[in-house]
Amino acid sequence: MTTLDSRPVATEVKDNYLTFTRGLLSWIFTLDHKRIGVMYLFAVLGSFFVGGVMALLVRTKLLFPGKVEWMTADEYNKAFTLHGAIMVFLVIVPSIPAALGNFILPIMLGAKDVAFPRLNLFSFYLWVVGAICAVYSLMAGGFDTGWTFYTPYSTQYGAGGTIPVLVGVFILGFSSIFTGVNFIVTIHKLRPPGMTWFRMPLFLWALYATAIIQILATPVLGITVALLVIERAFNIGIFDPSMGGDPVLFQHFFWFYSHPAVYIMILPGMGIISELIAVHSHRHIFGYRFIAFSSVAIAIFSFLVWGHHMFTSGQSPLMNVLFSAITFSVAIPSAVKVFNWLATLYKGSIAFNTPMLYALSFMFLFTIGGLTGIPLAVLSTDIHLHDTYFVVAHFHYVMMGSALIAMIGGLHHWWPKMFGVMYNEFWGRIACALVFIGFNMTFFTQFMLGSQGMPRRYYMYQPEFQMYHHISTGGSYIMALGFLITAIYLIHSLFAGKKAPANPWGGASLEWQCTSPPPHDNFSTTPRVGDCYDFSSVRWDEKQQGYVIDTEAHVAAASSGKGH
Amino acid sequence: MLNMIPTLLSQATNDPALAAGQPVTPKTFWLPEGASTIAPEIDWIFNFINYINYFFFVLVIGIMLVFMWKYRQRGREVYARGPNHHTMLELGWTIIPTIIVVFIFFIGFKGFIIAKTVPDNAYQIDVTAAKWYWKFKYPNGATSDDLYVPAGRPVKLVMRSEDVLHSFYIRDFRVKQDVVPGRYTSLWFQADNPTEGEDFHHIFCTEFCGTGHSDMNRKVFVLPESDFDSWVVEQGRWLDKVTDKDLWWKAGPQLYRACASCHTLDGSVGTGPSWGNYDGTGDVWERTKAGSTHKIDGGKNLGDIIGSGKEYETPEGYLRESILNPGKHLVDPYGNVMPTFKGQLSDRGIQALIDMMKNLDKFNKDGTVKPDAIPNAGGAAGAAK
């Protein structure tokens with residue numbers, strides 16, 4: 001990471017956060033939210049690479065319906081478990097809040113840092129310790145329980161690395177909680193004068209709603225994995241019926257966290273999309289309050305629907321009926337957001353920059369992901385579809401096609417801000433197209449696989465499914481190529497990228513009003529706040545090759561109510 | 001809503017979907033063939049939701065594409081004016097989807113109640129799941145590895161697991177239920193059309209259960225009711241089908257399971273004397289054949305009653321008596337606690353047990369046959385010769 005300091009661009013600007021202090025130690029002990037965000041970013045992207053390699057291994061095995069020489073059933077089980085656990089706990093949960101959120105949130109607020117910088121650094125090192133536990137578990141025999149750790153398999157059987165990875169998940173949970181605490185306090189206490197709740201960028205509403213879930217749900221995950229470790233290590237019967245426990249109780253505990261966790265993953269993504277669509281359409285976001293409140297509504301409803309993961313578990317039919325009914329309540333705020341984004345495109349001036357292409361991909365993929373949730377929420381059809389590839393396809397459309405695509409869109413949106421360089425726009429668009437095509441090939445076929453009855457987590461399968469698996473695996477290779485190109489041009493831009501202007505896209509929120517990359521303290525004086533979706537005072541500046549904002553007019557428009 | 005459940009239940013039992021003679025619905029782009037009476041109901045809901053989804057997908061993506069084209073950025077013009085909000089529009093796209101999903105919930109709910117309401121005359125089959133096989137047990141005690149069911153009759157499966165979670169799934173019947181250790185779960189279905197010849201429906205395990213998870217699939221054969229009745233009787237006579245030379249390892253261990261709770265194989269103390277060597281007179285066959293000093297009847301030795309001219313001409317005769325009339329001779333110091341197996345065990349069954357005793361060295365201590373001792377399976381193939 002220190003190599004960043006040698007970029008020619010950084011030497012031109014005296015005081016930016018990358019050059020403010022130098023040396024490895026200045027990164028290891030940094031309290032700067034931007035550096036912590038960058039460290040998170042590279043850690044998360046590194047984990048994404050490992051999780052992605054696991055996915056490719058799984059997909060490659062599935063080219064063949066029978067046994068293969070080079071991968072046993074146990075190795076396959078470990079590969080998909082590792083893929084799921086890494087992607088959930090090390091990648092998607094921390095990706096947007098901890099990496100992008102850490103960097104952008106205080107700047108969007110015009111603050112110098114988050115409320116508790118030391119806690120912020122601590123949460124990063126908790127993430128590192130959690131990741132080390134996961135690596136250690138691989139050396140201790142790996143784990144093959146699926147990322148859901150269902151009992152009694154996980155307590156009575158399961159490979160030797162199960163306890164270390166559970167300890168890792170426990171620690172990662174605290175990393176997530178501390179980030180949530182930090183963000184809630186920061187948003188409450190560090191907003192600049194003039195930034196009322198309804199003047200906040202929608203990304204911050206989304207991060208705020210996410211932080212509430214992180215704080216309220218994650219402790220339950222911690223308790224649950226702690227109980228699992230106790231049962232496995234000391235043979236105390238909590239979930240195992242042979243010792244008087246109840247395996248369905250584990251599922252309740254697990255999904256009480258893991259369903260809200262789905263929204264920990266998708267809500268920040270939705271926040272990014274609100275920013276991307278407004279900025280790249282150069283047009284005021286449509287239905288600000290409905291989008292803001294729908295984030296809060298999703299956060300609340302997310303706690304009431306966990307039982308829809310358990311329609312076939314043996315829980316009572318009455319519970320199934322109640323959970324099915326409540327589940328539909330989550331569909332409404334999600335639909336409201338999509339309609340509002342659509343309406344934001346209306347009469348916009350849409351620039352098809354790479355971040356916007358990702359945002360439009362998100363709309364396409366999230367629409368499919370959301371709609372295919374309906375037959376899974378409906379009781380009678382879920383009985384057929386539960387634990388088949390239909391579920392796999394559905395949650396990949398939501399977790400990857402939506403949450404992760406939003407994260408990559410946000411990364412491209414804020415990359416010039418984070419590192420002060422522009423990436424190659426041409427290759428950005430090519431890569432986005434490859435990812436989009438590859439993604440749909442990979443996962444749309446899995447809807448058919450699932451509704452035709454192919455169960456998930458299968459090492460071998462009926463030959464009738466092979467054609468779908470071939471298309472799916474082919475798609476995953478195309479997607480991998482897209483991500484590879486992305487990695488290449490992003491890394492290339494760090495060394496040889498064109499210098500980024502302060503405001504390359506024409507945004508009006510505060511992060512575009514400091515230099516790229518931002519100075520150590522973000523703002524030398526507390527910035528004045530207008531309506532962050534009022535683009536009437538934003539103009540293209542030929543000399544800077546970027547946009548400039550007339551702050552006086554911008555603030556005046558907001559206080560006169562014209563911007564709204 | 002809850003007080004509607006009884007109404008729906010009564011409707012469910014009169015539902016036309018349950019009428020006999022449902023034809024098998026063919027495989028479509030989305031769904032596999034539907035071979036149970038509830039499949040048409042579930043398929044109808046699935047397809048109905050699909051059409052709603054197609055509509056909304058085309059609507060959203062269509063509008064998106066039109067806007068993308070119409071409102072693409074031209075030149076460097078930046079600021080675009082458009083409405084910021086529209087309350088009626090917002091309320092409209094909140095309320096209309098709400099009405100649609102409430103409706104979808106109710107049709108799904110109704111289908112679920114039908115799928116959950118077991119008809120009174122259901123034929124019960126007990127299912128045991130274990131890593132990594134299914135075992136089916138019929139009311140007459142017959143067992144099978146694949147599932148055989150009568151056509152045109154509701155079948156209820158009562159399921160338990162011996163180890164971890166499993167999930168029982170017959171995709172062509174649209175039924176699925178987790179099988180949970182420590183409790184019984186159940187599901188039911190009715191298949192009206194017999195499977196032809198080699199045809200069958202797949203059973204898949206759909207809850208991850210370890211190494212052999214994807215091997216845990218079996219077949220369902222639907223037989224015409226009269227064929228099924230004779231099949232299940234035949235299956236109950238499994239013992240007759242085992243050839244004489246295979247009795248010792250195919251039938252013996254199966255029958256021994258009933259003995260195992262009292263008679264160990266490793267010489268350790270149980271409710272009854274171990275079949276293994278526990279007093280230095282050899283295992284059960286050796287000590288009986290040798291007419292050994294093994295003490296019975298408060299002082300006599302086995303040797304006093306077995307042998308030519310004595311009470312039992314052959315050791316087999318003594319063992320047979322001990323199974324059918326266990327109280328006649330009591331091994332010291334055991335009391336008279338064993339029930340008689342008269343009427344429960346045929347002569348052929350007794351033969352199987354005695355054959356097993358004769359080959360006790362080829363068994364593991366848990367009563368399973370050692371793999372390398374199985375005839376024609378390699379290893380000590382000569383065992384049965």
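Here is a short walk through the model, one selection at a time.

Before clicking, note that this is a predicted model: local features need pLDDT of at least 70, side-chain atom pairs count only at pLDDT 80 or more, and totals for chains, interfaces and linings use all residues. Residues are numbered from 1 along each chain as its sequence is written, and chains are lettered from A, with ligands numbered from 1, in the order in which they are written.

**Stop 1: chain A**

Select chain A and switch to cartoon. You'll find 18 helices and four strands (DSSP runs, H or I of at least four residues for helices and E of at least two for strands, numbered from the N terminus). The radius of gyration of chain A is 23 Å, close to the 24 Å that the globule rule gives for 564 residues, so chain A is as compact as a globular protein of that length. (That radius is taken over C-alpha atoms, and the rule is 2.2 Å times the number of residues to the power 0.38.) The C-alpha trace spans about 70 × 50 × 45 Å along its principal axes. Of the 564 residues, 65% count as buried, meaning that 20 or more other C-beta atoms, placed from the backbone, lie within 10 Å of the residue's own.

**Stop 2: a helix in chain A**

Now pick residues 162-189 of chain A, which is helix α7. Its 28 residues reach 41 Å from first C-alpha to last, close to the 40 Å expected at 1.5 Å a residue (1.5 Å times one less than the number of residues). Of those 28 residues, 20 are buried, leaving α7(A) mostly covered.

**Stop 3: where A touches B**

Show both chains. The contact takes 76 residues from chain A and 69 residues from chain B (C-beta atoms, placed from the backbone, within 7 Å). Which helix of chain A gives the most to its side? Select residues 317-345: that's α11, with 13 residues.

**Stop 4: a sheet in chain B**

Look for an open sheet of five strands in the order β3-β2-β1-β5-β8 (chain B), with mixed pairing (strands pair if DSSP finds at least two bridges between them). The edges are β3 (143-144) and β8 (185-189), each pairing on one side only.

**Stop 5: around β9**

Finish with residues 201-205 of chain B, strand β9, where four of the five residues are buried. β9(B) pairs antiparallel with β6 (residues 166-170) over two bridges, and B:Tyr169 stands opposite B:Phe204. β9(B) also pairs antiparallel with β10 (residues 218-223), over three bridges, with B:His202 opposite B:Lys219.

Key: Buried ≥ 20, exposed ≤ 12 C-beta atoms within 10 Å, placed from the backbone. Contact = placed C-beta atoms within 7 Å.
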